[in-house]
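Keep the model open while reading.

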Amino acid sequence: MARIGWVEYDDAEGRIRELYLQEAAGRPDVAGIVKSFSQRVEALEGMMQFSAVHFGAGGALGRARREMIATYVSALNGCHY
């Protein structure tokens, strides 16, 4: 269970729904880290813009390196996935 309140994918409406659909890109849900910004649409938009600049196509880190960092951080945090 999440400690941060968020809007679930199936409950999202309006601009949050639009942003979730954009982020999901055909997947059935979005990651919890994305949902954690959903209480403020401005925060969600900002996080997505930041991610697009830094982690999107042409960003400083390639996909393999991003996944390596994410795996390492998850292990440090004791994540179960």
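Does Glu8 count as buried, partly exposed or exposed? At 36% relative accessibility, Glu8 counts as partly exposed. Buried means under 20% relative accessible area, exposed means over 50%, and partly exposed lies in between, with a 1.4 Å probe and protein chains only.

This is a predicted model: local features need pLDDT of at least 70, side-chain atom pairs count only at pLDDT 80 or more, and totals for chains, interfaces and linings use all residues. Residues are numbered from 1 along each chain as its sequence is written, and side-chain values use heavy atoms, with hydrogens and water left out.

**Overall fold**

- The protein has four helices and zero strands. Helices (H or I, at least four residues) and strands (E, at least two) are DSSP runs, numbered from the N terminus.
- Along the sequence, the pattern reads α-α-α-α.
- The C-alpha trace spans about 35 × 30 × 20 Å along its principal axes.
- The protein has 81 residues, and buried residues make up 17% of them.
- Take the contacts between residues at least 6 apart in sequence: 38% of them join residues at least 24 apart. Contact means heavy atoms within 4.5 Å.

**Helix 1 against helix 3**

- Helix 1 covers residues 14-24 and helix 3 covers residues 41-55. The two pack at an angle of about 20°, and their axes are 10 Å apart.
- Axes are lines fitted to C-alpha atoms, for helices over the stretch in contact; angles run from 0 to 180 degrees between N-to-C directions.
- Helix 1 and helix 3 are therefore roughly parallel to each other. The cut-offs are under 35 degrees for roughly parallel, over 145 for roughly antiparallel and 65 to 115 for roughly perpendicular, with the rest oblique.
- The crossing of helix 1 past helix 3 is left-handed. That term applies if the near helix is turned anticlockwise from the far one by less than a right angle; clockwise gives right-handed.
- On helix 1, the contact is made by Arg15, Ile16, Leu19, Tyr20, Gln22 and Glu23. Helix 3 supplies Val41, Leu44, Glu45 and Met48.
- By class, this contact of helix 1 with helix 3 has six nonpolar, one polar and three charged residues. Ala, Val, Leu, Ile, Met, Phe, Trp, Tyr, Cys and Pro count as nonpolar, Asp, Glu, Lys and Arg as charged, and the others, Gly among them, as polar.

**Salt bridges**

- Side chains of opposite charge can pair when their charged atoms come close.
- The count comes to five salt bridges. The rule asks for a side-chain nitrogen of Lys or Arg within 4 Å of a carboxyl oxygen of Asp or Glu.
- Glu45 and Arg15 meet in one of them, at 2.8 Å from N to O. Glu45 lies in helix 3 and Arg15 in helix 1, so the pair ties together parts that are 30 residues apart in sequence.
- Glu45 is partly exposed at 24% relative accessible area. Arg15 is also partly exposed, at 39%.
- Lys35 pairs with Glu8, and their closest N and O atoms are 3.1 Å apart. The pair links distant parts of the chain, 27 residues apart: Lys35 sits in helix 2 (residues 32-35), and Glu8 in the segment before helix 1.
- Lys35 is buried, with a relative accessible area of 5%.
- Arg40 bridges to Glu42, with the closest N and O atoms 3.3 Å apart. Arg40 is exposed at 53% relative accessible area, while Glu42 is partly exposed at 48%.
- Shared partners join Glu8, Asp29 and Lys35 into one salt-bridge network.

**Single residues**

- Glu8 touches Tyr20 and Lys35, leaving aside residues up to four places away in sequence.
- Glu8 and Gly32 are 24 residues apart in sequence, and 9.2 Å apart in space from C-alpha to C-alpha.
- Ala25 lies in the loop between helix 1 and helix 2. Its phi is near 45°, a positive value in a residue other than glycine. Ala25 is exposed, with a relative accessible area of 58%.
- Ser74 belongs to helix 4 (residues 63-76). At 14% relative accessibility, Ser74 counts as buried.
- Ser74 and Ala64 are ten residues apart in sequence and 15 Å apart in space, C-alpha to C-alpha.
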